Amino acid sequence: MRERLDRATAELPANTPFWRMNWLIYTALYLDCFSYYDGVWREFVGHAAYDSQRFVLLARAHDSFMRGDWDTTLALAGEGTSDAAEHGYNFTHILFTYGLASVAAGRGDEETLRRHCDAIVAWAGPRQFQLMLAAVNEARARAAIGRGDFEEAYQQAAAVTPPGVLPSHYPHAQRVFLDLVESAVRTGRIDEARAHVEAGRQARLDAISPHHAIILASAAATAAPDEEAGGLYEAALAVPDAALWTHEYARLRLLYGEWLRRRRDYTASRIHLGVALEMFEHHLKAPLWAQRARHELRAAGVTVRVPDGRDAVPMSAQERRIAELAAGGLSNKEIGRKLNISPRTAGSHLYRVFPKLGITSRAALRDALAELDRNGTP
């Protein structure tokens, strides 16, 4: 498929309408290689014409989420929801809302997740739009497994793809694949976990892309008996470009570190757990996942300090102003108009502020800024 995509891109005629480009973008998204072609197609179509397409913004938001660049996802999806709301594009608005929900789930922001999931259900439910309703289960499963509620994670993931089954005409089974397998193992459903791994192998999930390969390999190691698990974890780490898929890679290092720690191989476990903690804490900004890695490191004999607000990087004057305006209820578009910057720039600044304040949502801005002022922190 990658060869065919390369060939189709090389043979594009000069007058190709954008709706034909959409099919190439869809293909690249499902092969996890959109960013590879994004610049090529942009040059072909022309920067202004290409960047003005809402589907391109959706694709970039999706791709950034899959690669673990969640701050970019928030900025792009925030811009997309503002634009869609202004023009009444309800379906597009829901797709961007799904991107926001995905980040909220990954970062354990339950309040924001609930709000976004409620919005998706309110729109998709009456229309019986099963693909979007399944996306709600997917997001809830991701949030549950992040906070360690493995029974809830299993129920939500199994509602999307029953154990041992990759449903026909459901193209997103890989998004809950590892969640289902890990939660099944954690709740004593080892036969179901191994049946799901076997279904992934039979479907040749790993042949689709390196991203799919690391998902299947991580799941296989998680469900394997102890005498096989070590080799399977090493095989998962050896998947080409595994580290590009930040969340899955951090999870793999966490799972492997936990397994090594249980086997009392503390030295090796600390290496993997340390990498996982760094990625969860500083790159993904996922505090519940970081807490899990921190707990495992302590169990492995490492003293780990919980970061506090005094460690934060100071905000710039521009970031502080944007944060204050957002705390006052202004949208990214309104902030952009007030400060003469684009909504995307406003969103990018704003979401860089969140980790500096130790928060994960817009709703927490007002209290965080007030706490900052009380402490006299710049």
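Let's start with glutamate 281. This residue is partly exposed, with a relative accessible area of 22%. The cut-off for buried is under 20%, so glutamate 281 falls in the partly exposed class. Keep in mind that this is a predicted model.

Where does glutamate 281 sit? In helix H16, which covers residues 266-283.

Arginine 264 follows helix H15. Its phi is positive, near 65 degrees.

On to H15 itself. This helix runs over residues 246-262, 17 residues in total. From first C-alpha to last, H15 reaches 24 Å. That is close to the 24 Å expected at 1.5 Å a residue. Is H15 mostly covered or mostly open? Mostly covered: 15 of its 17 residues are buried.

Next, a helix pair. H5 spans residues 54-66, and H6 spans residues 70-87. They pack at an angle of about 150 degrees, with axes 8 Å apart. Angles over 145 count as roughly antiparallel, so H5 and H6 are roughly antiparallel to each other. Their crossing is left-handed.

Which residues make the contact? From H5, we have Arg54, Leu57, Arg60, Ala61, Ser64 and Phe65. From H6, the list includes Trp70, Leu76, Glu79, Gly80, Asp83 and His87. By class, the contact has six nonpolar, five polar and four charged residues.

One reminder for reading that list on the structure. An α-helix has 3.6 residues a turn, so residues three or four places apart point the same way.

Definitions and conventions. Residues are numbered from 1 along each chain as its sequence is written. This is a predicted model: local features need pLDDT of at least 70, side-chain atom pairs count only at pLDDT 80 or more; totals for chains, interfaces and linings use all residues. Side-chain values use heavy atoms; hydrogens and water are left out. Axes are lines fitted to C-alpha atoms, for helices over the stretch in contact, and angles run from 0 to 180 degrees between N-to-C directions. Helices (H or I, at least four residues) and strands (E, at least two) are DSSP runs, numbered from the N terminus. Angles under 35 degrees count as roughly parallel, over 145 as roughly antiparallel, 65 to 115 as roughly perpendicular and the rest as oblique. A crossing is left-handed if the near helix is turned anticlockwise from the far one by less than a right angle, and right-handed if clockwise. Contact means heavy atoms within 4.5 Å. Ala, Val, Leu, Ile, Met, Phe, Trp, Tyr, Cys and Pro count as nonpolar, Asp, Glu, Lys and Arg as charged, and the others, Gly among them, as polar. The expected span of a helix is 1.5 Å times one less than its number of residues. Buried means under 20% relative accessible area, exposed over 50%, partly exposed in between (1.4 Å probe, protein chains only).
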